[in-house]
Amino acid sequence: MDDLVLRIIIFAIVGLVSGFLSGLFGIGGSTVRLPIFIYLFPWVGIEHSILMHVASATSMALVIPSAITASREQYALGNLDFGFYKTWVVGLFIGVAFGAILLPYSSTEILQSLFAVYILLVGLYIAVGRGRALSAGQPPSGIKRIGLGSFVGLVAAMTGTSGGTLTTPLLNTCGLALEKAIAIASATGLVTGSIATIGGIITGWNARDLPSYSLGYVDVVIFIVMMPTVMISAPLGVYVGNKFSQTMLERTYAALLILVGADLLWRLAS
């Protein structure tokens, strides 16, 4: 079978699976996509030296359509605080831009370690920490807000995630109402996804061993194949998820993240 056809079939299936899991667990999808990319990319010929670079940049490109949809929903509900968001965006831009610059200078091992630790911490937070954090009072403003946004943007760029999973508990703990924190988290993906994708294209433009049909570190074939399949399967995941209790889904998702994170770190150490 032609390599391109095989690639299309494989990542159409990946799109269906990751979209379903995203809808099932009620998440943006980056924490599901990245492990699948890490496990599958060696099998489709992506060189180890750029494996995490391509995985991160391609994942960030796939953040954009889902972030647009989620942001529109939050805007329609009246939850998106544009006054807060305008300053938050400044910080995000700084953090993501810095992360995009660092990306080509970071090895696959470093990037995989960062991602593995990140999903381990997210899994542990969901398992034992959610709902236990105390609000710090007034929401962050000025330089503090920009600083927090920069931190989220840097983590997003270096882990290939939208930053939304980190944004919600961080801003809620800092005093922002939960529904507004969720809305800012949804809109965070618009900035992190767009800037990281552009950065991945620019910084990876002349990289060696890039896969065919790529723009810098962004694999265009994977992006084009996965975007519609994710959108098709995500509603089915939401439908199935409504049949189970939220507690059970959260525990399952947390366990999955902890197991995958531990496995990735074990692979790096072995």
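This is a predicted model: local features need pLDDT of at least 70, side-chain atom pairs count only at pLDDT 80 or more; totals for chains, interfaces and linings use all residues.

User: Which residues of the largest nonpolar core touch the most other members?

Analyst: The general idea is that in soluble globular proteins, nonpolar side chains tend to be buried together. Here the largest nonpolar core has 60 residues, and those touching the most other members are Phe 11, Phe 37, Phe 41, Trp 88, Ile 184 and Met 226. Another core, of seven residues, lies apart from it and includes Met 60, Val 63, Ala 156 and Ala 196. As for Phe 37, its contacts beyond four places in sequence are Phe 11, Val 14, Pro 42, Ala 55, Thr 58, Ser 59, Leu 62, Ile 222 and Met 226.

User: How many residues of helix α2 are buried?

Analyst: A residue counts as buried when its relative accessible area is under 20%. In α2 (residues 30–40), nine of the 11 residues are buried, so the helix is largely enclosed by the rest of the structure. Phe 37 is among these buried residues, as are Arg 33 and Pro 35.

User: What space lies in the largest cavity, and which residues line it?

Analyst: Rolling a probe the size of a water molecule over the atoms shows where empty space is left. The structure holds one cavity of 30 Å³ or more, and the largest cavity contains about 60 Å³ of space. Its lining consists of Ser 56, Ala 57, Met 60, Ala 100, Leu 103, Ala 157 and Ala 196. Helix α3 (residues 51–77) gives the largest share, three residues. Six of the lining residues are nonpolar, one is polar and none is charged.

User: What is the volume of the second largest pocket?

Analyst: The second largest pocket has a volume of about 220 Å³. It is lined by 15 residues, with Asp 3, Arg 7, Val 44, Gly 45 and Ser 212 the closest to its centre. This lining comprises nine nonpolar, two polar and four charged residues.

User: How many salt bridges does the structure hold, and where do their partners lie?

Analyst: There are two salt bridges. In one, Asp 219 pairs with Arg 7, with the closest N and O atoms 2.2 Å apart. This pair links distant parts of the chain, since Asp 219 lies in strand β2 and Arg 7 in helix α1, 212 residues apart. Asp 219 counts as buried because its relative accessibility is 0%, and Arg 7 is also buried, at 11%. In the other bridge, Arg 267 meets Asp 263 at 2.8 Å, N to O. Both residues lie in helix α10 (residues 246–269), four residues apart, about one turn of the helix. Arg 267 is partly exposed at 46%, and Asp 263 is partly exposed at 24%.

Key. Residues are numbered from 1 along each chain as its sequence is written. Side-chain values use heavy atoms; hydrogens and water are left out. A nonpolar core is a set of buried Ala, Val, Leu, Ile, Met, Phe, Trp, Tyr and Cys residues joined through side-chain atoms within 4.5 Å. Buried means under 20% relative accessible area, exposed over 50%, partly exposed in between (1.4 Å probe, protein chains only). Contact means heavy atoms within 4.5 Å. On a 1 Å grid over the protein atoms alone, a cavity is a set of points where a 1.4 Å probe fits but cannot get out, and a pocket is an open set with protein on both sides within 12 Å along at least five of seven lines; lining residues have an atom within 4 Å of a point. Grid points are joined across faces, edges and corners, and a volume is the space filled by probe spheres set on the points. Ala, Val, Leu, Ile, Met, Phe, Trp, Tyr, Cys and Pro count as nonpolar, Asp, Glu, Lys and Arg as charged, and the others, Gly among them, as polar. Helices (H or I, at least four residues) and strands (E, at least two) are DSSP runs, numbered from the N terminus. A salt bridge is a side-chain nitrogen of Lys or Arg within 4 Å of a carboxyl oxygen of Asp or Glu.
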